[in-house]
Amino acid sequence: MEKWRYVTAGESHGPGLVGIVEGVPAGIPLTREVIDEDLARRQKGYGRGGRMSIERDRVEVWGGVRHGRTLGSPVALTVTNRDFDNWRESMSPDAGTPDRVVTRPRPGHADLVGGIKYGHRDLRNVLERASARETTMRVALGAVARAFLRSLGIEVYGHVVSIGPVHAAAADYTLEEIRQAEDSPVRVVDGTVAQAMMRAIDEAKEAGDTLGGTFEVVAFGLPVGLGSYVSWHRRLEARLGAALLSIPAMKAVEVGTGFDQSEHQGSSVHDAIWWERDQGFSRRTNRAGGLEGGISTGMPLKVRVGMKPLSTLTSPLGSFDIESKEPFLATVERSDVTAVPAAVVIGEAMVMHVLADAMLEKFGGDSVAEIHQRLDAWTRYVQEF
Ligand SMILES: Cc1cc2nc3c(=O)[nH]c(=O)nc-3n(C[C@H](O)[C@H](O)[C@H](O)COP(=O)(O)O)c2cc1C
Ligand SMILES: C=C(O[C@@H]1CC(C(=O)O)=C[C@@H](OP(=O)(O)O)[C@H]1O)C(=O)O
């Protein structure tokens, strides 16, 4: 069973989002400011639509934290949807006749298949939860995982690699370099491509279209030995892949130089093993992206994610009304043009949930101090292996 378990609830235009994470060790330094920082990071990014100027995501802590430290009990969080003020009637939980009924499914969104699956003839009942608004709470809970991992010397950050056709140069960035992407409106480390990315976003907007892209998430400071090859569901890349593909609009995950590896010979792909008396075993390259046999190697863990262009287009695409069965051209009032910079922060959160779980699985413990002791003993063992 998973050691780090979390659940979220809440609709996009309802009162807000709720989340609980269970399995959080005691003694982790955690404040509202730390969580709000990641929530604010998720709201940023050139190409977001009107909704982000309405929301000012701030967390409320309902349990699990006292005087800036976790208690070992479940951590319970909420975030208010400010937009709910404009939707009070439509989103009321009380009995009544729904207004603002949606009968025109957007190609590429969950509207049609969700309606068929759940028997909803008002497709608002689908889009309210399929919306990526829900990822706000994954990021809030992910900030709890960040605080836990940070207390053990692990840092997880990401950056945009491409938006539409515009690619940043490939590089093995340090943590400090990746953190600099925060100053970029498109969350890109390579500042030389930022303008071209923003131009591509402007052009897509002008054309009533949308753009996808790719981003990278890197975890620094991981010990050797998280995950396992012994069963399919314990392989760390399988767990990371599932977590990352669970983010709306994510369609591809690559570990290390994954796709490129398939085109080269083994001798130029695998990372040679090195040994030194003081340091023990290490690698001088990291094409594997920090994983071998589903187990962390101690090198930075690197995953890349491919995001599709958003489906709500202002330039219309063909669809049929589910009531009248009349064809129509799907159009909208409000949507993001691209959300790749925001998706980076959601990707970080999903990686951190997986890593928090893997750390608990390997090192157990009810308090951070206890886990620290086990991690230190393990690190000594690995050095001497
Ligand atoms: C941060 C973020 C923002 C998004 N914003 C929009 C949006 O404004 N309009 C839209 O149509 N889809 C948006 N999406 C994508 C949809 O939520 C997603 O396409 C939909 O849930 C269907 O799921 P699928 O694409 O995985 O099949 C966004 C996704 C993310 C991660
Ligand atoms: C609200 C968020 O993203 C939303 C995700 C989304 C979608 O269809 O996924 C559609 C848009 O919402 P709306 O229809 O209200 O304009 C985005 O703004 C958020 O990220 O917090």
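Which residues in α8 meet which residues in α10? The model is predicted: local features need pLDDT of at least 70, side-chain atom pairs count only at pLDDT 80 or more, and totals for chains, interfaces and linings use all residues. Residues are numbered from 1 along each chain as its sequence is written, and chains are lettered from A and ligands numbered from 1 in the order in which they are written.

**View 1. Strand β15 and its two partners.** Strand β15 spans residues 301–307; strands (E, at least two residues) and helices (H or I, at least four) are DSSP runs numbered from the N terminus. Seven of its seven residues are buried, that is, 20 or more other C-beta atoms lie within 10 Å of their own, with C-beta atoms placed from the backbone; exposed means 12 or fewer, and partly exposed lies in between. L301, V303, V305 and M307 point one way, and K302, R304 and G306 point the other way. β15 pairs with β9 (residues 213–220) in the antiparallel sense over seven bridges; two strands pair if DSSP finds at least two bridges between them. G213 has M307 as its bridge partner. Strand β10 (residues 250–255) also runs antiparallel to β15, joined by five bridges, and A252 stands opposite G306.

**View 2. The nonpolar core around V351.** A nonpolar core is a set of buried Ala, Val, Leu, Ile, Met, Phe, Trp, Tyr and Cys residues joined through C-beta atoms within 7 Å. The largest one has 84 residues, of which A140, V144, V351 and L355 touch the most other members. Helix α10 (residues 340–363) supplies its largest share, 16 residues. Leaving aside residues up to four places away in sequence, V351 touches V156, V217, A219, L240 and V303; contact requires C-beta atoms, placed from the backbone, within 7 Å.

**View 3. Helix α8 against helix α10.** L236, R239, L240, A243 and L244 in α8 meet G347, M350, V351, H353, V354 and A358 in α10. These residues divide into eight nonpolar, two polar and one charged; Ala, Val, Leu, Ile, Met, Phe, Trp, Tyr, Cys and Pro count as nonpolar, Asp, Glu, Lys and Arg as charged, and the others, Gly among them, as polar. The axes of α8 (residues 236–245) and α10 come within 9 Å and cross at roughly 145°. Axes are lines fitted to C-alpha atoms, for helices over the stretch in contact, and angles run from 0 to 180 degrees between N-to-C directions.

Terms used
Two residues are in contact if their C-beta atoms, placed from the backbone, lie within 7 Å.
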